[in-house]
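Student: Could we go through this structure together, one topic at a time? I would like to know what the words mean as we go.
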Amino acid sequence: MKIDQVGEVGVVLTDANEPVLHGGDQIIGYRALKYTIFKPVALAKKTLVEPREGWVWQTRRRLLLLDLPWMDLPGGKKGKHYHEIPLEETIDVVHKRKRVLLHTRDSEHGKVVFEFRPFGAASRLLAWLKNEKEHRRKREDGTLRSPYREEDREKGR
């Protein structure tokens, strides 16, 4: 997981404010969202990144959050602050009232929560990830059922 890194054009993002994709990456969706990053500590929360606004890109392998303001980097290059979350490090997606919480964990940062403030269609961005996590959890527990009716499968035999 990468939190509050500086990425330059051509390495992390393009001039058109789109992520540079790695091999096998496929974009599922993107939305402009407001977000905060914090660590849950007992009953409080320690804010790692103050509330920001930017574009959130979801691919089949990762979530990439690109902040809105552009930065001038040394050498005359442009860049932005970004945050990257591999999907293997996500624990759960929780829809709460007027916000979506993405619980993550890695060895460097420990447990970190990304809080999104979506509105309208933006609230559906993480629905695919939530369904994918539930599907994997059922497969690991052995409770995953076929999407086809039992009687239809038995007729074909």
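Tutor: Let us start with a definition: a residue is buried under 20% relative accessible area, exposed over 50%, and partly exposed in between, using a 1.4 Å probe and protein chains only. This is a predicted model, in which local features need pLDDT of at least 70 and side-chain atom pairs count only at pLDDT 80 or more, while totals for chains, interfaces and linings use all residues. Residues are numbered from 1 along each chain as its sequence is written, and side-chain values use heavy atoms, with hydrogens and water left out.

Student: Okay, so is I27 buried, exposed or partly exposed?
Tutor: I27 has a relative accessible area of 35%, so it counts as partly exposed. It belongs to strand 2, residues 27-41, where a strand is a DSSP run of E with at least two residues, a helix is a run of H or I with at least four, and both are numbered from the N terminus.

Student: New topic: how many residues of strand 4 are buried?
Tutor: Six of the six residues in strand 4, residues 62-67, are buried. R62, L64 and L66 point one way from the strand, whereas L63, L65 and D67 point the other way.

Student: And which strands pair with strand 4?
Tutor: Strand 3, residues 44-59, pairs with strand 4 in the antiparallel sense over five bridges, and strand 6, residues 77-86, also runs antiparallel to strand 4, joined to it by five bridges. Two strands pair if DSSP finds at least two bridges between them. On the strand 3 side, Q58 has L63 as its bridge partner, and a hairpin of two residues leads from strand 3 to strand 4. On the strand 6 side, L64 stands opposite E84.

Student: How many salt bridges are there in the whole structure?
Tutor: The search finds nine, a salt bridge being a side-chain nitrogen of Lys or Arg within 4 Å of a carboxyl oxygen of Asp or Glu. One of them joins R52 and D4, at 2.9 Å from N to O. That pair links distant parts of the chain, since R52 is in strand 3 and D4 is in strand 1, residues 2-8, and they are 48 residues apart.

Student: What about D92, which residue does it form a salt bridge with?
Tutor: D92 forms one with R137, and their closest N and O atoms are 3.7 Å apart. Because D92 lies in strand 7 (residues 90-96) and R137 in helix 1 (residues 127-141), the pair ties together parts that are 45 residues apart in sequence.

Student: And R117, what is its partner?
Tutor: R117 pairs with E115, with closest N and O atoms 3.5 Å apart. R117 counts as partly exposed because its relative accessibility is 43%, whereas E115, at 5%, counts as buried. Elsewhere, salt bridges that share partners join D4, R52 and D67 into one network.
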